[in-house]
Amino acid sequence: MYVTQIPLAPHAGCDERAVPVLLNCENRATSPESIQAWIRECRAEIEQHLRGAGAILFRGFGLKTPEDFDQFVSAFGEDNFPYEQSFSNAVRLVRTERVFSANEAPADVKIFLHHEMAQTPIFPQKLFFFCEMAAAEGGATPLCRSDLLLERLAQSTPQFIADCEKKGLKYTNVMPGGDDASSGMGRSWRKTLQAEGREAAETRLRDFGYSWEWLDDDCLRATTPVLPAIREISPGRRSFFNQLIAASSGWKDKRNDPSRAITYGDGQPLDHEAVLMASELAREFTFEVNWQPGDVALVDNCISMHARQPFTGTRKIWASLVNAEHQKFSETSQ
Ligand code: FE2
């Protein structure tokens, strides 16, 4: 295996620290066995790149199918976090034990920056994406360095960050009874909560500290317990680990209104100006991954947020999540 690190150029206006590491495989014909051996051998080095940059792009490794991707991910030896067990609100198609589609939302739906499942009690520490087919136009995956964003926000709007830290955040969303593939957040409550009926759904909600209300048309409004808005990655390094940007701009469908999707942990509305500032400043720390078929992106979910640009044509991006972690939550805000 001959793998080299190739510098990626930041786009105009993008902080150079937000550029992911690109590891390019120079071998023409590479067997799955040699790739797996390389991953095992270079695990420590890969981990170091990931901690530094928040994301790594693997290019030229000859991966063609979701099954190849499954093997690639498996070589890292991390614990699988299957989609079925997650509280993700996205509709996805499961392909293998580890691999599922990134999001079945229509091509014109923009998915805003978020840390995967930061709005749920269990989140993956890392995620992998694989491009089987790139869109004809658009469809990039923006990656945002959330630690750098937090630093900037703490300078620009210290009171907002202090409030986020002290009060935490609560998220509310309305889930349909059956999957709604027209929405980026259309997963049914039956699947989200792995419950056939309302009683089982309520048990699960109670176990994880949610409050809820049953609505017409078999819909369920669920509000999370108070979840942290900021996370310590390592001593002295913290990230804006939440779904604030996505929830306040993107949680929109026929059941959901973004203005009701997120509050502070005490139920008070967020400072609107500060939310806009967070979305605006995030651009500076965002690098857009323009996919090439065969690419794999490894994202540290505690350091980097991700999003999806609208696209035309067929786009096949697969995802795999590893290392489920339970968030610390409190029933009421402190
Ligand atoms: Fe996501």
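A cavity here is a set of grid points where a 1.4 Å probe fits but cannot get out, and its lining residues have an atom within 4 Å of a point. With that in hand, here are some close-ups of this predicted model.

**View 1. The residues nearest the centre of the largest cavity.** Phe87, Gln119, Thr120, Asn173 and Tyr210 lie nearest the centre, within a lining of 14 residues. If you are looking for others to compare, the count comes to one cavity of 30 Å³ or more.

**View 2. The make-up of the lining.** Sorted by class, the residues around the largest cavity are eight nonpolar and six polar, with no charged ones. Strand β9 (residues 169–175) is the element that gives the most to this lining, supplying three residues. Both domains take part: domain 1 (3–144 + 287–326) and domain 2 (148–281) each provide at least three residues to the lining.

**View 3. The iron site.** Three residues hold the iron ion here: His114 through NE2, Glu116 through OE and His306 through NE2, at 2.1 to 2.2 Å. Along the chain, these donors follow the spacing H-x1-E-x189-H. His114 sits in strand β5 (residues 111–114) and His306 in strand β17 (residues 304–308), so this pair ties together parts that are 192 residues apart in sequence.

**View 4. The two histidines at the iron ion.** Are His114 and His306 buried or exposed? Both are buried. Each gives its NE2 atom to the iron ion, and their strands are β5 for His114 and β17 for His306.

Notes: Residues are numbered from 1 along each chain as its sequence is written. This is a predicted model: local features need pLDDT of at least 70, side-chain atom pairs count only at pLDDT 80 or more; totals for chains, interfaces and linings use all residues. Side-chain values use heavy atoms; hydrogens and water are left out. Donors are N, O and S atoms within 2.8 Å of the metal (3.2 Å for Na, K and Ca); water is not among the atoms, so sites may look incomplete. Helices (H or I, at least four residues) and strands (E, at least two) are DSSP runs, numbered from the N terminus. Buried means under 20% relative accessible area, exposed over 50%, partly exposed in between (1.4 Å probe, protein chains only). On a 1 Å grid over the protein atoms alone, a cavity is a set of points where a 1.4 Å probe fits but cannot get out, and a pocket is an open set with protein on both sides within 12 Å along at least five of seven lines; lining residues have an atom within 4 Å of a point. Grid points are joined across faces, edges and corners, and a volume is the space filled by probe spheres set on the points. Ala, Val, Leu, Ile, Met, Phe, Trp, Tyr, Cys and Pro count as nonpolar, Asp, Glu, Lys and Arg as charged, and the others, Gly among them, as polar. Domain bounds come from an automatic or database domain assignment.
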